[in-house]
Amino acid sequence: MDAEAEEKYIKAGKIAAKVRDEAAKMAKPGAKLLKIAEFIESETRRLGGEPAFPANLSLNEIAAHYTPVKNDETVIPDGSILKIDVGVHVDGYVADTAKTIAFSDEMERLSNASRDALEEAIKLVKSGAKIADISKRIEAVITSQGYKPVSNLTGHGLERYFLHAEPRIPNVATRNEARLKDGMAIAIEPFATSGMGEVRDSAPALIFMLLGKKPLRGGDARKAAAFAESFKGLPFAERWLPFDSTFKARLALRELREKGVLYDYPPLKEKGMVSQHEHTILVKDEPIVTTL
Ligand code: MN
Ligand code: MN
């Protein structure tokens with residue numbers, strides 16, 4: 001990795017960590033998710049970054065990919081568990097980080113399982129490390145605390161303007177021979193659950209990614225596509241679209257989806273409660289965790 005890329009990864013990481021921790025302080029029962037999301041996104045820009053994806057604020061059984069809608073009235077319930085997942089990029093170089101805030105002792109224990117798994121996993125990161133060993137450690141830490149890792153959510157590589165790049169870093173043991181390489185940027189994100197260990201899609205998607213260009217009929221669809229193009233392949237929120245009405249926004253998105261140029265990120269739901277912790281790491285002989 002060249003020095004300039006590394007510098008930008010580190011800057012993005014510093015911003016993401018600061019914004020994540022400030023947002024965590026705002027997260028109290030009764031607080032509005034929309035207010036926290038807007039804070040995360042505006043503070044990211046104020047500090048010199050751009051959101052790499054919409055602020056993910058996922059409650060209880062939702063593991064990931066919930067972001068508030070326009071005028072969202074959702075507040076944090078008593079006794080709940082909230083995942084705050086923040087993405088920041090500087091010139092396309094991404095920091096992806098998450099922490100869980102728990103509002104009961106039981107949820108605190110669940111939160112600790114994914115936090116401890118992440119800490120243990122990071123100790124194994126270095127050039128040449130076998131990814132399967134990292135996955136195995138994550139699974140062992142989570143199961144030793146009486147929970148299940150979510151098997152169909154994984155950590156991932158990060159490339160410029162590309163969020164979910166190779167390699168996948170599963171949260172359960174696999175027979176994967178792949179190894180980490182010098183110069184990779186990766187995100188490790190253990191999810192622990194009291195449920196089945198598997199998430200399913202739930203409707204509707206509120207986060208999207210534009211996949212390409214196609215001729216579009218509707219003026220609103222063209223307007224949505226032009227807006228979406230400005231994210232250069234990174235995800236965006238329905239809430240961010242330049243329409244006054246959510247109905248119009250959804251119609252415009254529907255045309256993009258029908259043309260095959262829209263990728264949906266629906267909220268991912270478990271049967272049980274879910275916790276998640278995530279850091280971004282630059283793989284070197286002495287790895288750098290950019291989001292500490
Ligand atoms: Mn994330
Ligand atoms: Mn991630």
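1. Tyrosine 66 sits in the loop that links strand S2 (62-64) to strand S3 (81-90). Helices (H or I, at least four residues) and strands (E, at least two) are DSSP runs, numbered from the N terminus. Setting aside residues up to four places away in sequence, tyrosine 66 touches Leu33, Ala55, Asn56, Leu57, Ser58, Asp72, Thr74 and Leu206, where contact means heavy atoms within 4.5 Å. Tyrosine 66 and proline 266 are 200 residues apart in sequence, yet their C-alpha atoms are 7.6 Å apart in space.

2. The model is predicted: local features need pLDDT of at least 70, side-chain atom pairs count only at pLDDT 80 or more, and totals for chains, interfaces and linings use all residues. Residues are numbered from 1 along each chain as its sequence is written, chains are lettered from A and ligands numbered from 1 in the order in which they are written, and side-chain values use heavy atoms, with hydrogens and water left out.

3. The protein chain contains six helices and 17 strands. Its C-alpha trace spans about 55 × 45 × 35 Å along the principal axes. For 292 residues, a compact globule would have a radius of gyration near 19 Å, and the 18 Å of the protein chain agrees with that. This radius is taken over C-alpha atoms, and the globule rule is 2.2 Å times the number of residues to the power 0.38.

4. Of the 292 residues in the protein chain, 55% are buried. Buried means under 20% relative accessible area, exposed over 50%, and partly exposed in between (1.4 Å probe, protein chains only). Among contacts between residues at least 6 apart in sequence, 75% join residues at least 24 apart.

5. The accessible surface of the protein chain is about 13,000 Å², and 51% of this belongs to carbon and sulfur atoms. Areas come from the Shrake-Rupley method with a 1.4 Å probe; for residues, only the protein chains shown count as cover. There are 43 positive and 43 negative side chains, with the centres of the two sets 3 Å apart. Lys and Arg count as positive and Asp and Glu as negative, while His and the chain ends are not counted. Each charge is placed at NZ of Lys, CZ of Arg, CG of Asp or CD of Glu.

6. One open sheet has five strands in the order S7-S6-S8-S16-S17, paired antiparallel. Strand S7 (162-170) and strand S17 (288-289) are at the edges with a single partner strand each, so one side of each has no neighbour in the sheet. Two strands pair if DSSP finds at least two bridges between them. Strand S8 (residues 185-188) and strand S16 (residues 279-282) run antiparallel and are joined by four bridges; isoleucine 186 stands opposite isoleucine 281 in S16.

7. Another open sheet, of three strands, has the order S12-S11-S13 with antiparallel pairing. S12 and S13 are the edge strands, each with a single partner, so one side of each lacks a neighbour in the sheet. S11 is joined to strand S12 (residues 236-237) by two bridges, with phenylalanine 208 opposite phenylalanine 236. Four bridges pair S11 with strand S13 (residues 262-265), and isoleucine 207 stands opposite tyrosine 265. From strand S11 (residues 207-210), Ile207 and Met209 point one way and Phe208 and Leu210 the other way, and all are buried.

8. Glutamate 255 belongs to helix H6 (residues 246-258). Glutamate 255 is buried, at a relative accessible area of 11%. Apart from neighbours within four places in sequence, glutamate 255 is in contact with Leu216, Arg217, Gly218 and Ala221.
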